[in-house]
Amino acid sequence: MTKLDQTPWDIVIVGGGNAALCAAIEAAEAGARALILEAAPKPYRGGNSRHTRNFRCMHAGPLSVLTDSYGEDEYFDDLIRVTKGQTDEALARMTIRASEACLPWMEAHGVAFQPSLSGTLSLSRTNAFFLGGGKALVNAYYNTAEDLGVTVAYEAEVVQIHVEEGRFEGVTAKIAGAETRIEGGALILASGGFQADLDWLARAWGPSAKNFLIRGTPYNRGVPLKQMLDKGADSVGDPTQCHAVAIDGRAAKFDGGIVTRLDCVPFSIVVNRDGDRFYDEGEDVWPKRYAIWGRLVAAQPDQVAYSIIDNKSRDLFMPSVYPPIKADTLEGLAQQLGLPGNKLRETVDAFNAACREGDFHPTELDGLSTEGLTPAKTNWARPIIEPPFFGYSLRPGVTFTYLGLKVDETARVSGPHGRFDNIWAAGEIMAGSILGQGYLAGFGMTIGTVFGRIAGQEAAAHV
Ligand SMILES: Cc1cc2nc3c(=O)[nH]c(=O)nc-3n(C[C@H](O)[C@H](O)[C@H](O)COP(=O)(O)OP(=O)(O)OC[C@H]3O[C@@H](n4cnc5c(N)ncnc54)[C@H](O)[C@@H]3O)c2cc1C
């Protein structure tokens, strides 16, 4: 293997996920000598990107697996709705427009697509699904990058970034336990958010953050982000903003991935540790509500909640990876879940009494609402009476944080004197430049692909 610290590299890329790989491929195709420093060991390479399933893509007509069309204005309106206006319009529109050329570029660099599946996430018009998921995408990009001559160092955690008068000089990386200084002509930061640093999360959220689960890689601890902020880089986003969903409370602390998601909430009642309901479980269809439940559960005592269904709802949602807790009586279920049995019985009885006759339609808003109950359940409210009863514990699962580096349309990082001379950023580390709050499914990979490609081209042109 090339001695990493012997000669200066043209471009040093920090991170080994989608954004880093897109940057590396573009840089190598432009003739630059690029080095990827990936903190994870090889089997865990690819960060959060390896957990993904799709990316959101503008298109004027049918494109590869995408049906119909999805224009710039509709895409932008979708973004404005979820961010409640907290976006940079010029950057957002540029990203949306650039997404159209990304799909053929991805195919040309090894990514295969498949038509979207039906069910809760049917997005066949707006989102292109990766055949084999994000893991296959990441593997394809590593192969392509290595064929193009990109060097990859695994278990190489960047711990310091050396900047002199606004110019990147080199990084210090911990490789196989030893600190090594590596010089380069340009730096691309693609090291994700800081969600895996639970102390940092706790500083933003308070001590309750220690009970959060992290859905993705344990390696995104925000070390390069903090280094840059300490050097005066402009930040975007608020440290408390993040994408968080309610996931199976039994999921691993890190890296549980997509399979730990639970889709039972709309057909259930959700109670907290004390057996009380706290929010309308049927407020809207699940794809529009699943992302708010992470925060709702985070606000409950001990950051835990329990979703309770009966036998008739068992097959209405995607099966869970861990089987639900099951009992013939509500009291038996409460005991197994560690809930106060009398209280759960009281809550279910009050809910059942508030349910009304009507037609139940699991796939659309059916208006089957409770009456006289606070909080109401405004759709899919059916009495929980048919044994066996099932329960799932829910915990907040953080996907990624939004605090990041401010960049311009060339992916260059802004700093105290305008822009850093030779430092670019792509992916989650700068996503806050566009996503001030909320989330649009598939947009994380779009931001990473668009800005990764730009950063690779720009850095290569610079060196
Ligand atoms: C379960 C799950 C499902 C998701 N599904 C989707 C989806 O379907 N579509 C979508 O658009 N988005 C999805 N996302 C969000 C998506 O994963 C991210 O937006 C995207 O992967 C970000 O890419 P990235 O390259 O910026 O970061 P990552 O892919 O997370 O890569 C960051 C890399 O940096 C490395 N790193 C971190 N610190 C250092 C350091 N100090 N030194 C060296 N390397 C370091 C990490 O090891 C990692 O390789 C999902 C996320 C999760 C967790």
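A polar contact is a pair of N or O atoms within 3.5 Å; within protein, one must be able to donate a hydrogen and the other to accept it, and residues adjacent in sequence count only if both atoms are side-chain atoms. This is a predicted model: local features need pLDDT of at least 70, side-chain atom pairs count only at pLDDT 80 or more, and totals for chains, interfaces and linings use all residues. Residues are numbered from 1 along each chain as its sequence is written, and side-chain values use heavy atoms, leaving out hydrogens and water.

Start with the ligand. A polar backbone atom of Gly-46 is 3.5 Å from a ligand oxygen. For Met-445, the distance from a polar backbone atom to a ligand oxygen is 2.8 Å. Asn-54 places a backbone N or O atom 2.8 Å from a ligand nitrogen. Alone, the ligand exposes 1000 Å², and the protein buries 97% of that (Shrake-Rupley method, 1.4 Å probe).

Now the domains. Domain 1 covers 9-195 + 217-239 + 402-462, and domain 2 covers 245-397; the bounds come from an automatic or database domain assignment. Their centres, taken over C-alpha atoms, are 36 Å apart. Eight residues of domain 1 contact eight of domain 2 (heavy atoms within 4.5 Å).

What salt bridge joins the side chains of Arg-50 and Asp-255? Its N to O distance is 2.8 Å, under a rule that asks for a side-chain nitrogen of Lys or Arg within 4 Å of a carboxyl oxygen of Asp or Glu. The count between the two domains is one salt bridge.
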